[in-house]
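Student: Could you help me learn to read a protein model?
Tutor: Gladly! Let us look at one together.

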Amino acid sequence: MMRSIGIVGGGAGGIFAALGASKAAKEKGMPLEIHLFERNPRLGIKILISGGGRCNVTHEGPIEDILNEG
């Protein structure tokens, strides 16, 4: 029996919820149909527009400095 879930919001939380649900269903061998509803034309677009394209990591300095610190 195919189960179906709907997730409202295609931001980071919604995308990760869909991934988690998919993984859990696959581990249990349960067929699952996931519907992700987002009012913007593309999923995750709010992630790109927050923090000047760097999410919420920082708003100051070049991104290369952050990447090199890791």
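Tutor: Let us start with E38, which counts as buried because its relative accessibility is 19%. Buried means under 20% relative accessible area, exposed means over 50%, and partly exposed lies in between, with a 1.4 Å probe and only protein chains counted. Please keep in mind that this is a predicted model: local features need pLDDT of at least 70, side-chain atom pairs count only at pLDDT 80 or more, and totals for chains, interfaces and linings use all residues. Residues are numbered from 1 along each chain as its sequence is written, and side-chain values use heavy atoms, leaving out hydrogens and water.

Student: Where does E38 lie?

Tutor: Look for E38 in the loop between strand 2 (32-37) and helix 2 (45-49). Helices (H or I, at least four residues) and strands (E, at least two) are DSSP runs, numbered from the N terminus. The protein has three helices and two strands, in the order β-α-β-α-α from the N terminus.

Student: Which residues does E38 touch, not counting residues up to four places away in sequence?

Tutor: A contact means heavy atoms within 4.5 Å. Leaving out residues up to four places away in sequence, E38 touches G9, G10, G11, L43 and K46.

Student: And what are the polar contacts of E38?

Tutor: A polar contact is a pair of N or O atoms within 3.5 Å; within protein, one must be able to donate a hydrogen and the other to accept it, and residues adjacent in sequence count only if both atoms are side-chain atoms. Here the E38 side chain reaches the backbone nitrogen of G10 at 2.6 Å, and a 2.8 Å polar contact joins the side chains of E38 and N40.

Student: Which residues of helix 1 are buried?

Tutor: First, the general idea: an α-helix has 3.6 residues a turn, so residues three or four places apart point the same way. In helix 1, the buried residues are G14, A18, A21 and A25. Seen down the helix axis, these buried residues fall within an arc of 65° (taken from the directions from the axis to the C-beta atoms), so they line one face of helix 1. They pack against strand 1 (3-8) and strand 2. On the other side, G13, F16, L19, K23, K26 and E27 are exposed.

Student: How much of the protein counts as buried?

Tutor: Of its 70 residues, 16% count as buried.
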